[in-house]
Number of protein chains: 2
Amino acid sequence: MKIIRRPTRVIYVGNVPVGGNNPIVIQSMTKANPSNFKAILEEINNLIDAGCELVRVAIPDSKSLEVFHSLVREVEIPLIADIHFNWKLAIAAIEAGASGIRINPGNIGGINKFREILKNLTQAKQVALRIGINAGSLEKELLLKYKHPQAKALVESAILYSNIAEEAGFLNYKISLKSSDVLTTIKAYRMISALTSAPLHLGITEAGSELSGIVKSSIGIGSLLLEGIGDTIRVSLSAPSKEEVSVAKEILRSLHLYNKGVEVISCPTCGRCEYDLFSIVKKIKELTSNINTPYLKVAIMGCVVNGPGEASEADIGVAGGKGKGVLFKKGKIIRTITTEEIIPVIMEEINRHSVK
Amino acid sequence: MKIIRRPTRVIYVGNVPVGGNNPIVIQSMTKANPSNFKAILEEINNLIDAGCELVRVAIPDSKSLEVFHSLVREVEIPLIADIHFNWKLAIAAIEAGASGIRINPGNIGGINKFREILKNLTQAKQVALRIGINAGSLEKELLLKYKHPQAKALVESAILYSNIAEEAGFLNYKISLKSSDVLTTIKAYRMISALTSAPLHLGITEAGSELSGIVKSSIGIGSLLLEGIGDTIRVSLSAPSKEEVSVAKEILRSLHLYNKGVEVISCPTCGRCEYDLFSIVKKIKELTSNINTPYLKVAIMGCVVNGPGEASEADIGVAGGKGKGVLFKKGKIIRTITTEEIIPVIMEEINRHSVK
């Protein structure tokens with residue numbers, strides 16, 4: 001089974017293409033104080049190391065705008081300015097060198113303010129706009145009409161502002177429709193996907209604590225990607241931003257949409273496992289987290305029940321037993337190794353295949 | 001949006017109904033040494049506390065069979081015996097009081113051995129069978145035919161053994177089709193769902209390290225549940241079994257299929273958040289993890305941007321700021337509280353609504 005992506009047009013966030021047949025772009029947002037240049041820069045660099053391709057930074061005031069202006073000059077990937085309430089900050093962010101701005105129609109001050117921003121966007125070069133609808137801050141008119149921030153209301157808001165952008169001749173925009181409710185989110189994206197050719201930014205907002213955030217984002221983003229919907233994703237977690245990128249990578253990897261780095265599969269273990277599989281898996285994941293090319297599938301299996309069968313599907317695999325294990329490569333048994341040899345032998349094989 | 005479940009017939013694993021309109025059952029499997037009665041009993045009791053409704057235990061030998069026999073007498077929920085290779089152990093497990101047995105057609109020794117097990121099952125009362133197909137241990141004939149453990153091969157194996165069960169007059173069975181590949185798993189369950197009325201047990205096998213296991217299980221199990229497929233679920237993680245149950249609960253809760261306990265939503269925070277939201281969310285999750293009734297939605301929000309709007313959707317909510325926050329109940333502002341008051345005030349409200 002292969003995912004067939006729904007066609008969208010290509011936009012550019014700085015030099016990063018989003019939409020069409022381009023790989024799905026991973027993005028995140030900084031959590032450090034946006035007035036603290038050093039802290040934000042460090043966070044962005046950590047995000048880049050983790051594999052993040054676009055970073056969004058909140059700009060709530062003029063101090064953070066100054067910091068943003070400096071960041072744009074330091075950071076190698078495109079930065080997106082996150083703007084609420086103050087349309088003038090959006091224009092200032094474009095002038096400061098933002099590669100994209102995120103506007104929330106529900107709080108930017110109405111259609112005329114939005115048109116002012118569009119004027120500046122059409123004059124700028126490769127600055128993208130995200131029309132970022134959020135169930136928690138929908139326009140009052142739509143909340144009155146629909147009573148509740150249901151999927152239809154999110155879609156109506158997005159289409160209204162998309163039409164205004166298109167009338168102004170501005171097409172370099174994408175859309176997001178976020179809700180903390182997975183089912184509402186899925187329904188809203190399915191609806192908008194049939195109504196627009198703009199690329200879609202996927203995410204579940206206010207996703208909760210770390211575990212529930214991972215689960216909600218995986219189901220919401222994952223099932224939409226499975227339907228071919230989505231061109232860029234952001235996982236929101238109540239956790240350090242770097243973890244958002246790890247989860248995003250795992251989501252894409254699960255669906256064969258991220259063919260970089262090392263995928264480690266392992267068994268959950270049962271009463272049959274006679275060695276410490278968990279710590280070996282953890283160690284190999286740690287040692288391989290920064291390898292981004294090429295794609296390799298590594299299997300660490302607990303016993304003979306599914307071990308050899310499953311591991312034979314992997315590029316490299318070990319089916320462990322008491323004190324020793326069997327090493328496989330591309331379905332062929334290479335040799336028996338001791339439990340102590342598992343990590344060094346697997347890492348040696350991985351390094352032989354990897355480009356640094 | 002509401003999930004419409006595909007109709008399946010109801011089977012019984014001991015006194016637990018699976019399939020039809022019954023709530024989706026959460027199950028897990030023990031990881032302790034199955035010969036160690038005390039360790040397994042402790043693990044099962046932890047699983048029950050976490051909300052697990054069915055527990056599977058590996059029975060690789062006669063020592064573990066003895067332990068299983070004793071466990072059946074001690075444990076209040078139905079126990080399932082996990083059998084590989086040895087059909088006689090399956091029959092002995094039924095005699096020892098198993099409420100269900102899991103058989104892997106790929107390694108049980110062929111159709112005649114399977115028929116022997118069925119004879120014993122038809123004579124037992126409310127003992128269920130799981131025909132548990134696994135991509136890593138498919139029958140040799142099917143691997144030769146399909147070259148690769150693809151979805152079609154998993155389905156063919158399941159249908160073959162289902163037909164044998166039905167011919168023997170045994171209908172109290174469910175089916176699982178596990179693979180470590182999310183797309184193969186989804187495809188296989190979609191196919192079998194159109195071919196059988198037996199309840200389906202969902203899971204992704206060898207799901208990898210903790211994070212990738214959570215992500216893969218959430219996408220695989222979650223997207224199938226979203227399509228109405230699945231009657232019982234097991235999350236497989238290379239982590240303690242109790243965590244498998246927490247993830248299973250989060251998956252069901254995200255899809256409105258688990259209406260028990262306290263759901264805590266929170267925002268991912270951005271540069272605007274002026275208090276330590278993460279630790280407050282973590283603490284409230286900890287304090288509420290054992291509350292199982294009734295259902296309450298609690299929102300812990302970082303700031304005024306989406307806070308009040310989103311929190312008004314929750315039964316109880318706080319939108320925090322510098323040193324203080326606003327308390328909501330069912331959409332109405334109750335009062336302003338200090339940051340220090342957030343946890344005690346929220347817990348007081350939760351306890352007022354909860355049945356212990």
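The model is predicted, so local features need pLDDT of at least 70 and side-chain atom pairs count only at pLDDT 80 or more, while totals for chains, interfaces and linings use all residues. Residues are numbered from 1 along each chain as its sequence is written, chains are lettered from A and ligands numbered from 1 in the order in which they are written, and side-chain values use heavy atoms, with hydrogens and water left out.

The interface between the chains comes first. On the side of chain B, 76 residues are in contact with 76 residues of chain A, contact meaning heavy atoms within 4.5 Å. The size of an interface is often given as the accessible area lost when the parts come together. Between chain B and chain A the buried area is about 6,000 Å², and carbon and sulfur atoms give 63% of that area. Buried area here is the accessible area (1.4 Å probe) that two parts lose on being put together, summed over both.

Specific pairs across this interface can be listed by rule. There are 2 salt bridges between chain B and chain A, a salt bridge being a side-chain nitrogen of Lys or Arg within 4 Å of a carboxyl oxygen of Asp or Glu. Glu263(B) and Lys216(A) form a salt bridge, with 3.3 Å between the closest N and O atoms. The rule for polar contacts finds 4 residue pairs across the interface of chain B and chain A, both residues at pLDDT 80 or more. A polar contact is a pair of N or O atoms within 3.5 Å; within protein, one must be able to donate a hydrogen and the other to accept it, and residues adjacent in sequence count only if both atoms are side-chain atoms.

Several elements of chain B supply at least two residues each to the side that touches chain A, among them helix H7 (182-193), helix H9 (241-254), strand E11 (262-266) and helix H10 (277-288). Helices (H or I, at least four residues) and strands (E, at least two) are DSSP runs, numbered from the N terminus. H8(B) gives the most to this side of chain B, with 10 residues. By residue class, the side of chain B that touches chain A divides into 35 nonpolar, 25 polar and 16 charged residues. In this division Ala, Val, Leu, Ile, Met, Phe, Trp, Tyr, Cys and Pro count as nonpolar, Asp, Glu, Lys and Arg as charged, and the others, Gly among them, as polar.

Over all chains, a search of the whole structure finds 30 salt bridges. One of them joins Glu349(A) to Lys329(A), where the closest N and O atoms are 3.0 Å apart. This pair links distant parts of the chain, 20 residues apart: Glu349(A) is in helix H12 (residues 342-353) and Lys329(A) in strand E14 (residues 324-329) of chain A. Glu349(A) is buried at a relative accessible area of 6%, whereas Lys329(A) is partly exposed at 25%. Buried means under 20% relative accessible area, exposed over 50%, and partly exposed in between (1.4 Å probe, protein chains only). Lys329(A) and Glu349(A) are also linked with Glu348(A) and Arg352(A) in a network of salt bridges.

In chain B, Asp82(B) and Arg102(B) meet in a salt bridge at 3.3 Å, N to O. Asp82(B) lies in strand E5 (residues 79-83) and Arg102(B) in strand E6 (residues 100-103) of chain B, so the pair ties together parts that are 20 residues apart in sequence. Both Asp82(B) and Arg102(B) are buried. Glu286(B) and Lys283(B) form another salt bridge, with the closest N and O atoms 3.9 Å apart. These two residues are separated by about one helical turn because they are 3 residues apart in helix H10 of chain B.

Chain A is assigned domain 1 (11-254) and domain 2 (262-354), with bounds from an automatic or database domain assignment. Their centres, taken over C-alpha atoms, are separated by 38 Å. The contact takes 4 residues from domain 1 and 6 residues from domain 2 of chain A. The area buried between these domains is about 370 Å², with 26% from carbon and sulfur atoms.

Finally, Val16(A) lies in strand E2 (residues 16-18) of chain A and counts as buried at 14% relative accessibility. Leaving out residues up to four places away in sequence, Val16(A) touches Ile11(A), Val25(A), Glu53(A), Leu54(A) and Pro78(A).
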